[in-house]
Amino acid sequence: MYDELKYWYLRDHKLFWTLSMSQIKQLCIITGFKKANKGDIIYFSSSDVPRIFLLKKGNIKIVSIDEEGNETIKEILQKGDLFGELSLEKDTDVNEYAKALTDEVSICSFLLSDFEDLLVRNPTLALSYTKFVGLKMKRFKNNYSNLVSKDAKTRLISFLKDWAEREGIQDGNKYTIANYLTQTDIAQIICTSRQTATLLLNELEEKNIIYYSRKEIIIEDSTKLS
């Protein structure tokens, strides 16, 4: 039953669509599987055993730590995202960790050495992986461009729009987002202080553009979120 669960988790991911049934079953042998609860630390970049992770359920945040110990949320991940040593080599200059944001987070993982061997034996999979990581890097570049070229309010609005489009429930121009982020999380994502993030969220709420609570964020009319 456990192996069958791993099989369908991998079979459903578009990265592995090029693999046959027997190849997927072989992949299950080298695949680790774990569950985590909200607040659990899943991964440290400083780990002695480098891995590639695949998020199958829930949401996690990747937090980057600078030399002064300041933390910034680098990325919010959702079902299907990859994280870990994506460059396929250990980067000692990177200091980051992954933390579960929601309950019942499920993760598959591969030892970096096993995953490299898998790519060598499956050129089509290697090409798919290159494209997958390339799109991820492009998203990083766009996010960085937004951070350096826009003010805090514009960054917040851009983040809310993107979040709504990715995970919100749409009803016309109205979006309802299940909120698993604290105001501190949001502040770190848009690279501002918690106080500034709170003021900006309150401003949007006072203008009846959004409704904010710990459980959900409602964007009443996405056309007004500008």
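Predicted model: local features only at pLDDT ≥ 70, side-chain atom pairs only at ≥ 80, totals over all residues.
View 1. Look at the backbone here: phi of Cys-191 is near 55 degrees, a positive value in a residue other than glycine. Is Cys-191 buried, partly exposed or exposed? With a relative accessibility of 42%, Cys-191 counts as partly exposed, because that label covers values between 20% and 50%.

**View 2. Helix H5 packs against helix H7.** H5 takes in residues 152–167 and H7 residues 194–206. Their axes lie 10 Å apart, and the packing angle is about 65 degrees. That makes H5 roughly perpendicular to H7. The crossing of H5 past H7 is right-handed. Which residues do the touching? On the H5 side they are Ala-152, Lys-153, Leu-156 and Leu-160, and they meet Thr-196, Leu-200, Leu-201, Glu-203 and Leu-204 in H7. Sorted by class, this contact has six nonpolar residues, one polar residue and two charged ones.

**View 3. Strand E12 pairs with E10 and with E11.** Start with E10 (residues 174–178), which runs antiparallel to E12 (residues 216–219) and is joined to it by four bridges. To find your place in this pair, look for Ala-178, which stands opposite Glu-216 in E12. Now turn to E11 (residues 210–212): three bridges join it to E12, again in the antiparallel sense. Here Ile-210 has Ile-219 of E12 as its bridge partner. How many residues does the hairpin from E11 to E12 pass through? Three residues make that link.

**View 4. Four strands line up as E1-E8-E3-E6 in an open sheet.** The pairing in this sheet is antiparallel. Strand E1 (32–36) and strand E6 (82–84) are the edges, each pairing on one side only. From one strand to the next, the twist averages 30 degrees. Zoom in on E1 and its partner E8 (residues 105–111), and you can follow five bridges between them, with the two strands antiparallel. Lys-35 is a handy landmark, standing opposite Ser-106 in E8.

**View 5. Helix H3 lies across strands E3 and E8.** E3 spans residues 51–57, and H3 runs at about 75 degrees to E8. Leu-112 belongs to H3, which covers residues 112–121. How buried is Leu-112? Its relative accessibility is 8%, so Leu-112 counts as buried; the cut-off for that label is under 20%. Leaving aside residues up to four places away in sequence, Leu-112 touches Pro-50, Arg-51, Ile-52, Glu-85, Leu-88 and Glu-89. For a sense of scale, pick out Ser-193 as well: it lies 81 residues from Leu-112 along the chain, and the C-alpha atoms of the two are separated by 36 Å.

**View 6. Strand E7 is largely enclosed by the rest of the structure.** Why is E7 described that way? Because four of the five residues of E7 (residues 96–100) are buried. E2 (residues 41–44) is joined to E7 by three bridges, and the two run antiparallel. Two pairs to look for are Ile-41 opposite Lys-99 and Phe-44 with its bridge partner Tyr-97. E4 (residues 60–65) also runs antiparallel to E7, joined to it by five bridges. In that pairing, Ile-62 stands opposite Ala-98.

**View 7. Glu-104 lies in the loop between E7 and E8.** What is the phi of Glu-104? The angle is near 55 degrees, a positive value in a residue other than glycine.

Conventions. Residues numbered from 1 in each chain as written. Heavy atoms only, no water. Pairing = 2+ DSSP bridges. Axes fitted to C-alpha atoms, helices over the stretch in contact; angles between N-to-C directions. Parallel < 35°, antiparallel > 145°, perpendicular 65-115°, else oblique. Left-handed = near helix turned anticlockwise from the far one by under 90°. Contact = heavy atoms within 4.5 Å. Nonpolar A, V, L, I, M, F, W, Y, C, P; charged D, E, K, R; others polar. Buried < 20%, exposed > 50% of the residue type's maximum accessible area, 1.4 Å probe, protein only.
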